[in-house]
Amino acid sequence: EEKVKRIDSATDKARAREKDSDRLKVEENVFDVPTLKILYTLSNKGIIKAMGGAISTGKEANVFYAEGDEKELAIKIYRMASSTFKAMDAYIMKDPRFTNIRNNRRDIIFAWTRKELQNLKRAKSAGVRVPEPIVAEKNVLIMEFMGEEKKPYPLLKNTPLEDDEAKLVYNKIVEYMHLLYKEANLVHADLSEYNILIDPADKTPVFIDMGQSVTLEHPNAREFLYRDVLNILRFFGRYGITDKPEELLSKIQAE
Ligand code: ATP
Ligand code: MN
């Protein structure tokens, strides 16, 4: 009994150490010298007033809180060392906006970062609620911070909703998908409860994470849209939303 406990706590400690060293590795990875130089330049320009803590460590990027000139900022930094740029490749290379990108890791990550900025701009102009994009410099994207008291708004996934609230959120998401499609000529391509924040004040959704969003000319745009549709319907099924994929698709593609 005692022995088992000892072994348990030893493994816990070892795991904690491992996690710590993972985190250090990630931070080492994200703040390489060229990235530090970019942050330094952006702070000299007065765009960044003070760097804050880490908000998230994702598969490709880290997101940090920062204080800007007048607004709070979210700084998304694509890791040069560990981005799965092979996956990025398939999205970038077939996008008519990015036909002359050279096939190397650096350029693909930089193009990806610019693409996310442009996608956010197009979405915003179309009337979709997204973080306001501010600047993209190499692998660093600066945008408006969506949250309060230095904490990001919760993900849709972690937001408890009554059925009638869920219905309103769903309708707003459908409106945003329609605006993206018709006005911005874009498909989000990674839309799910993990890439939608909910503003607790009025329960409005905020779309985030648009690096992979593609224009309708992309050869896989329909397939990506269909996947987004299935994700949204899967999530809202639990709230009694019974739209069929074809119904949601026709709402998105309506004039
Ligand atoms: P993952 O691999 O976890 O999906 P990601 O690399 O795709 O991460 P995002 O989804 O864009 O990156 O952002 C990760 C997290 O950072 C979000 O879930 C959100 O909590 C936070 N975040 C991103 N952008 C903002 C923003 N503009 N304001 C506040 N929080 C943000
Ligand atoms: Mn994400």
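1. Start with ligand 1: 18 residues surround it, and Lys59, Lys76, Glu144, Met146 and Asp209 are the closest. A residue counts as near a molecule if one of its heavy atoms lies within 4 Å of it. Keep in mind that this is a predicted model, where local features need pLDDT of at least 70, side-chain atom pairs count only at pLDDT 80 or more, and totals for chains, interfaces and linings use all residues. Residues are numbered from 1 along each chain as its sequence is written, chains are lettered from A and ligands numbered from 1 in the order in which they are written, and side-chain values use heavy atoms, leaving out hydrogens and water.

2. Now for the polar contacts (pairs of N or O atoms within 3.5 Å). The side chain of lysine 76 has an N or O atom 2.7 Å from an oxygen atom of ligand 1. For lysine 59, a backbone N or O atom lies 3.1 Å from an oxygen of the ligand. Asparagine 195 uses an N or O atom of its side chain, 3.2 Å from a ligand oxygen. On its own, ligand 1 has 600 Å² of accessible area, and the protein covers 85% of that (Shrake-Rupley method, 1.4 Å probe).

3. Strands here are DSSP runs of E with at least two residues, numbered from the N terminus.

4. Take a look at β3, residues 72-78: six of its seven residues are buried, meaning under 20% relative accessible area with a 1.4 Å probe, counting protein chains only.

5. Two strands pair if DSSP finds at least two bridges between them. With β2 (residues 61-68), β3 pairs in the antiparallel sense over seven bridges, and alanine 61 stands opposite tyrosine 78. Three residues sit between β2 and β3 in their hairpin. β3 also pairs with β5 (residues 140-144), again antiparallel, over five bridges; here alanine 74 faces methionine 143.

6. Last, follow β5 to β4 (residues 133-137). How many bridges join these two strands? There are four, and the strands run antiparallel.

Notes. Buried means under 20% relative accessible area, exposed over 50%, partly exposed in between (1.4 Å probe, protein chains only). A polar contact is a pair of N or O atoms within 3.5 Å; within protein, one must be able to donate a hydrogen and the other to accept it, and residues adjacent in sequence count only if both atoms are side-chain atoms.
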